[in-house]
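Q: Hi! Could you walk me through this model while I have it open?

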Amino acid sequence: MSDINLDNGSVSGNLGIEDYAIKELYSDFILCEMLDMKQGFKVTKSGLKIPDTQVKAWRKAKVHLVSPIAQKYGNTKVGDFVTFPNDRGLQVGRVQYVNETGDVVTLENGVMLNEQRLGAKLVELEDADDE
């Protein structure tokens, strides 16, 4: 069981830490970038930006930072693509973090999750048209 309950799908804007970068995560947190968001709007395949109103939707994200506990006991690694219910996690909008090489990286559409809130690890398929 997680130390912190992120079951309500909250939105936090920027976490109030705009003058800081996340260096390390505690508990079983992971920091992801939502792949279907751009500047706070959901982006459709046609490129249309719409407000995110689907509460019961599944979201896709790329993992950027994993806590030591999740690294040791979990299955999620930096660079993984994952899916999770839209009503889980804490959307953090723009947030900065320090990556494994010490560089400060900015995410525009971040989300903080517990690993147990994830539904699956994904693999991107190549388009049949590309062959």
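**A chat about the fold**

A: Happy to. The protein chain exposes about 8,400 Å², and carbon and sulfur atoms supply 51% of that area (Shrake-Rupley method, 1.4 Å probe; for residues, only the protein chains shown count as cover). This is a predicted model, where local features need pLDDT of at least 70, side-chain atom pairs count only at pLDDT 80 or more, and totals for chains, interfaces and linings use all residues. Residues are numbered from 1 along each chain as its sequence is written, and side-chain values use heavy atoms, with hydrogens and water left out.

Q: Let's go inside. Which residues have the most contacts in the largest nonpolar core?
A: Those are I30, C32, F84 and L113, in a core of 13 residues. At least two core residues come from each of strand 2 (29-34), strand 6 (58-66), strand 7 (81-85) and strand 9 (104-114). By nonpolar core I mean buried Ala, Val, Leu, Ile, Met, Phe, Trp, Tyr and Cys residues joined through side-chain atoms within 4.5 Å. In soluble globular proteins, nonpolar side chains tend to be buried together.

Q: What does I30 touch?
A: Leaving out residues up to four places away in sequence, I30 touches L25, V63, L65, V66, A70, T76, V111, M112, L113 and L118. There is also a second, separate core of 11 residues, including I22, L25, V95 and M112.

Q: Back to strand 2. Why do you call it largely enclosed?
A: Because 5 of its 6 residues are buried, strand 2 is largely enclosed by the rest of the structure.

Q: Which way does strand 2 run against strand 9, parallel or antiparallel?
A: Antiparallel, with 5 bridges joining strand 2 to strand 9; strands count as paired if DSSP finds at least two bridges between them. I30 stands opposite L113 of strand 9, and E33 is opposite G110 in that strand. Strand 2 also pairs with strand 6 in the antiparallel sense, over 5 bridges, and there C32 has V63 as its bridge partner.

Q: What's going on with S27, buried or exposed?
A: S27 is buried, at 12% relative accessible area. This serine is in the loop between strand 1 (10-11) and strand 2. Its C-alpha atom is separated by 6.6 Å from that of S67, although the two are 40 residues apart along the chain.

Q: New topic: how many salt bridges does the structure hold?
A: It holds 3 salt bridges, each a side-chain nitrogen of Lys or Arg within 4 Å of a carboxyl oxygen of Asp or Glu. One of them joins the side chains of K121 and D80 at 3.2 Å, N to O. K121 lies in strand 10 (residues 120-122) and D80 in the loop between helix 1 (68-73) and strand 7, so this pair ties together parts 41 residues apart in sequence. K121 is partly exposed at 47% relative accessible area, whereas D80 is buried at 15%.

Q: And the others?
A: R88 and D87 meet through their side chains at 3.5 Å, N to O. E108 bridges to R94, with the closest N and O atoms 3.1 Å apart. That pair links distant parts of the chain, E108 in strand 9 and R94 in strand 8 (residues 90-98), 14 residues apart. E108 is partly exposed at 41% relative accessibility, and R94 is partly exposed at 47%.

Notes. Buried means under 20% relative accessible area, exposed over 50%, partly exposed in between (1.4 Å probe, protein chains only). Helices (H or I, at least four residues) and strands (E, at least two) are DSSP runs, numbered from the N terminus. Contact means heavy atoms within 4.5 Å.
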